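Visitor: Hello! I am new to this structure and would like to learn how to read it. Could you take me through it step by step?

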Amino acid sequence: MAIIRAETYYLPPPHLPPNAWAGEPPAMLVVRWWEERHQRRIVVGEGLLLEPVYAQINHGRWVASCACGSAQIVSPADPRMWCVECSTGWWQVAFPPDPAAVEASLDGLLPAEQNWWAAADPADPMRPTLEV
């Protein structure tokens, strides 16, 4: 089973043509998806925030979390994230050097077991912590 990315998850609703968002970069698909479901426009800014967020695989989906606590499905094809909850700005999403190899390492596992964290991600629950 393939790992889910933004471009395979955030698809136009049935009342729109399947290719309605074909010209959008993967990071903008969540914005279009959210706008369609909430019937509200989001004003999207420019530029990247200085602090990156780490991509992780959670139950078979590439996801990244915003500082506000929200998360969304992301893609190594467009390593950015605009939080539709808080509109903080464009987060730069840090992916591993070879996302396909990470995906392949999880192939054959049940979706609930398809989990991966970057070694440097401070949010990794398996990362050793320093005792104070």
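Visitor: Let me begin with a single residue. Which residues does Val93 touch, not counting residues up to four places away in sequence?

Guide: Happy to start there, with one reminder: this is a predicted model. Val93 touches Val53, Tyr54, Ala55, Ala64, Val74, Pro79, Arg80 and Met81.

Visitor: Which residues of the largest nonpolar core touch the most other members?

Guide: Val93 is one of them, together with Ile57, Trp62, Val74, Met81 and Trp116. This core has 17 residues. The elements that give two or more residues to it are β3 (61-65), β6 and α3 (99-106). There is also a second, separate core of 15 residues, and Trp21, Leu29, Val30 and Val63 are among its members.

Visitor: Now the strands. In what order do they lie in the open sheet?

Guide: First the general idea: strands of a sheet pair through backbone hydrogen bonds, in either a parallel or an antiparallel way. Here, an open sheet of three strands has the order β1-β6-β5, and its pairing is mixed. The edge strands, β1 (53-54) and β5 (80-82), each pair on one side only.

Visitor: In which sense does β6 pair with β5, and in which sense with β1?

Guide: With β5, strand β6 (residues 90-94) pairs in the antiparallel sense, over three bridges. With β1, the pairing of β6 is parallel and runs over two bridges. You can find each pairing by its residues: Trp82 has Trp90 in β6 as its bridge partner, while Tyr54 is partnered by Ala94 of β6.

Visitor: I also see Trp91 in that region. Is Trp91 buried or exposed?

Guide: Trp91 sits in strand β6. A residue counts as buried when its relative accessible area is under 20%. Trp91 has 7%, so it is buried. Leaving out residues up to four places away in sequence, its contacts are Leu48, Leu49, Glu51, Val53, Cys66, Ala67, Pro79, Arg80 and Met81. Look for Pro52 too: Trp91 and Pro52 are 39 residues apart in sequence, yet their C-alpha atoms are 6.0 Å apart in space.

Visitor: And in a loop? Is Ser70 buried or exposed?

Guide: Ser70 lies in the loop between β3 and β4 (71-73). Its relative accessibility is 17%, so Ser70 counts as buried. Setting aside neighbours within four places in sequence, Ser70 is in contact with Ala64, Ser65, Cys83 and Glu85.

Visitor: Let me try another loop. What does Pro76 touch, not counting residues up to four places away in sequence?

Guide: Pro76 belongs to the loop between β4 and β5. Its contacts of that kind are Arg5, Trp62, Phe95 and Pro99.

Visitor: Next, a helix. Which residues of α3 are buried?

Guide: In α3, the buried residues are Pro99, Val102, Glu103 and Leu106. Seen down the axis of α3, they fall within an arc of 100°, so they line one face of the helix. Those buried residues pack against β2 (56-58) and β3. The face turned away from the buried side carries Ala104 and Ser105, which are exposed. Just after α3, Gly108 takes a positive phi of about 95°.

Visitor: Finally, the whole chain. How many helices and strands does it have?

Guide: The chain has three helices and six strands. From the N terminus on, they run α-α-β-β-β-β-β-β-α. The radius of gyration is 16 Å, close to the 14 Å that the globule rule gives for 132 residues, so the chain is as compact as a globular protein of that length. Its C-alpha atoms fill a box of roughly 50 × 35 × 25 Å along the principal axes.

Visitor: What percentage of the 132 residues is buried?

Guide: Buried residues make up 37% of the chain. The accessible surface comes to about 8000 Å², and 57% of that belongs to carbon and sulfur atoms. As for contacts between residues at least 6 apart in sequence, 52% join residues at least 24 apart.

Notes: Residues numbered from 1 in each chain as written. Predicted model: local features only at pLDDT ≥ 70, side-chain atom pairs only at ≥ 80, totals over all residues. Heavy atoms only, no water. Pairing = 2+ DSSP bridges. Helix = DSSP H or I, 4+ residues; strand = E, 2+ residues; numbered from the N terminus. Core = buried A, V, L, I, M, F, W, Y, C linked by side-chain atoms within 4.5 Å. Buried < 20%, exposed > 50% of the residue type's maximum accessible area, 1.4 Å probe, protein only. Contact = heavy atoms within 4.5 Å. Arc of directions from axis to C-beta. Rg over C-alpha atoms; globule rule 2.2 N^0.38 Å. Areas by Shrake-Rupley, 256 points an atom, 1.4 Å probe, with all protein chains shown as cover.
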